[in-house]
Amino acid sequence: MSERAAHTEVSAPRRPARGNHLVRSDWLVIGLSVAFTVVAGLLHYLGGGAVLAFVAAAAAVAVLAALVGRSVEQLGDRFGPGATGVLQSALGNLPELFISLFALQAGLVAVVQAALIGSILANLLLVLGLCFVVGGLKHGTQTLDSARARGITVMLLVSVAAMVMPSVAQLIHAPAAEHETTLSVIASVFLLLLFVLTLPASLRRGDDPGRPGDPDEAEPPRWNLPLAVGMLAVSAVAAVFVSDWFVDALQPAMDSIGISDAFAGLVVVAIAGNAIENVVGVQLAAKNRSEYAFAVVINSPLQIALVLAPHQVIQ
């Protein structure tokens with residue numbers, strides 16, 4: 001072996017191999033997720049006060065969000081920002097879906113309506129704004145894929161227009177107002193078809209302009225694919241059960257604290273149901289993963305408008 005080759009071999013950086021390498025912080029997040037979920041379950045089944053059960057369930061959803069964030073981070077480099085954002089938002093919206101279903105069964109229609117609106121506004125204004133602020137303060141100017149941003153913006157405008165069309169017809173006493181229910185169902189079917197047609201473009205892999213540097217120098221994922229997907233699925237399923245306990249304690253907690261249905265839906269349920277996107281988006285922005293943060297945060301309100309809201313109408 002020549003001297004130059006030997007020098008190159010010695011100086012070449014060693015990259016850690018992919019595998020099931022869990023660091024201390026990973027174990028901490030997993031332990032807290034299990035602990036808070038168990039506490040929320042005990043308070044739900046054994047009793048302990050509506051407010052305390054409500055707070056425990058909300059804390060369990062929030063700490064499960066951190067676990068989802070770790071899993072998304074390990075999946076991001078494999079699938080690209082588009083597919084990762086769709087996958088994470090789909091699993092992240094499961095708690096919100098079940099919160100809405102359980103709340104409708106409990107007769108909290110006003111809470112569900114306010115929660116859907118609050119979730120869209122919270123993600124588009126609060127969470128996305130936090131991502132821009134955190135990423136900008138820590139890493140400077142954030143770079144996004146303009147084509148993806150334009151496409152998502154157009155879909156959001158179309159979905160919002162379809163959602164408000166039946167209400168506008170009723171407000172202005174248009175002839176179509178007599179068929180408000182039929183118009184709502186037609187708009188819902190249209191939004192579901194729009195989501196299906198645009199899904200292949202959302203899943204298309206793309207580069208992450210928010211992550212500078214040579215991709216070969218990036219730190220490889222610590223978790224292999226089965227572990228990352230399994231951890232993501234388990235944490236999302238656990239969040240579904242916690243959502244059920246959350247809704248059960250919601251009405252008694254509202255009566256005890258004295259908050260209205262609108263405030264509970266717009267603020268409390270919306271923030272708790274979107275805790276996963278809140279944590280994941282800010283985490284990715286803090287690590288200068290602007291494209292992934294944008295995909296994760298913006299796909300959530302998009303799926304709410306195109307899938308969750310129409311599903312509730314058709315149901």
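Is the crossing of α6 and α11 left-handed or right-handed? The crossing of these two helices is left-handed, where left-handed means that the near helix is turned anticlockwise from the far one by less than a right angle, and right-handed that it is turned clockwise. The model is predicted, so local features need pLDDT of at least 70 and side-chain atom pairs count only at pLDDT 80 or more, while totals for chains, interfaces and linings use all residues. Residues are numbered from 1 along each chain as its sequence is written, and side-chain values use heavy atoms, with hydrogens and water left out.

Helices here are DSSP runs (H or I, at least four residues), numbered together with strands (E, at least two) from the N terminus. Two packed helices are described by the angle between their axes and the distance between the axes. Axes are lines fitted to C-alpha atoms, for helices over the stretch in contact, and angles run from 0 to 180 degrees between N-to-C directions.

The axes of α6 and α11 come within 10 Å and cross at roughly 25°. That angle makes α6 roughly parallel to α11 (under 35 degrees is roughly parallel, over 145 roughly antiparallel, 65 to 115 roughly perpendicular and the rest oblique). Their contact (heavy atoms within 4.5 Å) includes Ile-152 and Met-163 of α6 and Phe-294 and Ala-309 of α11. By class, its residues are 12 nonpolar, one polar and two charged; Ala, Val, Leu, Ile, Met, Phe, Trp, Tyr, Cys and Pro count as nonpolar, Asp, Glu, Lys and Arg as charged, and the others, Gly among them, as polar.

Helix α11 also packs with α5, at an angle of about 170° and with the axes 10 Å apart. The two are therefore roughly antiparallel to each other. Among the residues in this contact are Leu-116 and Asn-123 of α5, together with Phe-294 and Ala-309 of α11. The contact has 15 nonpolar, three polar and no charged residues.

A further pair is α2 (residues 24-46) and α8 (residues 225-257), whose axes come within 10 Å and cross at roughly 30°. This crossing is left-handed. Residues of α2 including Ile-30 and His-44 meet residues of α8 including Trp-245 and Asp-248.

The largest pocket holds about 840 Å³ of space. A pocket is an open set of points on a 1 Å grid over the protein atoms alone, where a 1.4 Å probe fits, with protein on both sides within 12 Å along at least five of seven lines; lining residues have an atom within 4 Å of a point. Of its 27 lining residues, the closest to the centre are Leu-116, Met-163, Ser-167, Ala-309 and Val-313. α5 gives the largest share of the lining, eight residues.

Terms used:
Points joined across faces, edges and corners; volume = space filled by probe spheres on them.
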